[in-house]
Each structure stands twice: as structure tokens, then as C-alpha cells.
Amino acid sequence: MQIPGFIEFIGDCQRVLSQSLLAVSPNEGCALLIGKQTKSTSLTKESVLKIELIWPCSNSWKPEISNLLESQKGKKNNLKSDLSKQNRFLIDPREQILAQRWAQKRNWEVVGSAHSHPNGAPVPSETDCSWTFSTGLIVIVGKSGAIRAWWMNAAKNREPKEVAILES
């Protein structure tokens, strides 16, 4: 998937996302974003990721996961040792597969993921950047309910790029 020019939440998706992710505070909430990539009808002709459905997920983070994930990415354990559901999330791969199958039956796809920062701003944290395993869209909901979208790049030393959210 190419980096979109914009994302657009269809219907009440933005409200559903914010409420479902903040409902589990003080833990981080997480969700998958389901929709499709289309061309903009504006003069810019940039692509737009239309978010048609929010698939809320359980945060299945466990402290022992950090060592496994760091070893797979070839990192030493140099990140915070106090990682917990309050500052980290993990979407169960089984939930991801279910969401992908459900979306495919409707000619949609999983276009990204979302999580909350219940104690912070809706910007990628050092941990978010360090643990990005694949390039793609991530939406973050901050403690105030503000929502921002980011294109994360798994390549080393690549800063996240903010993606504009179209107002419906």
C-alpha cells in the first residue's frame, strides 16, 4: 500500500474509535482500521484511505513479549523495562486474521491500526517508532480524545510522517 495523501473516517467511525480506545484507560486501547484506498475526487488526485469500520481489539500485551519481539527485530533490551498495558499494546494475530477475512468478504481490507496514548499526546512515542515492524498507517488517540494519523516506516532512521485527516 502506498502512503495516502489523506485519511477519511466514514460515518461515525471517528467517534467509535475514540470512545472504544479511551474506554480501557488507563491501559492503551487498540483497534484495526478497515476500509479501502481510493483516489481523491479533488484536484490533487492524491489517494485517500477511507476508514469504513473500526474493529476494536483486546490489548493482549504481556511483559514477557518484549524480549521475544526485541530478539526478532535484532534489538537489545534497551527500551523501558517497565512496559505494560498502560504504555504498550499488542493485537492478537488471530484477531488480525479474523478482521482480514471479514473485510475481504466485503471487498475491503485492513488498512491500518490504531491505539491510544491514555496519558499523552496522539504522536508516535519512541517505543512506537522503535517497534515498528512493518510500514503502514497508524492512528493514535491522545488522552484528550484528539486523533492524529501517521505513516510509520519500518526502515531504520525514518521519521513518522503525519497524514491529514479529512473532515466529514
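1. Ground rules. The model is predicted: local features need pLDDT of at least 70, side-chain atom pairs count only at pLDDT 80 or more, and totals for chains, interfaces and linings use all residues. Residues are numbered from 1 along each chain as its sequence is written, and side-chain values use heavy atoms, with hydrogens and water left out.

2. Helix α1 (residues 13–22). Helices are DSSP runs of H or I, at least four residues, and strands are runs of E, at least two, numbered from the N terminus. Cys13, Leu17, Ser18 and Leu21 are the buried residues of α1 (buried: under 20% relative accessible area; exposed: over 50%; partly exposed: in between; 1.4 Å probe, protein chains only). They fall within an arc of 130 degrees seen down the axis, so they line one face of the helix (the arc is that of the directions from the helix axis to the C-beta atoms). These buried residues pack against β1 (6–9), β2, β3, β4, β5 (136–142) and β6 (147–152) (contact: heavy atoms within 4.5 Å).

3. Helix α3 (residues 93–104). Glu95, Ala99 and Ala103 are buried in α3. Their arc is only 65 degrees around the axis, which puts them on the same side of α3. Pro93, Arg94, Leu98, Arg101 and Gln104 are exposed on the other side. The buried residues of α3 pack against β2 (30–39), β3 (47–57) and β4 (109–117).

4. Cysteines. The whole structure has zero disulfides (a disulfide is a pair of cysteine sulfur atoms within 2.5 Å). Cys57 is buried, with a relative accessible area of 12%. Cys13 is also buried, at 4%.
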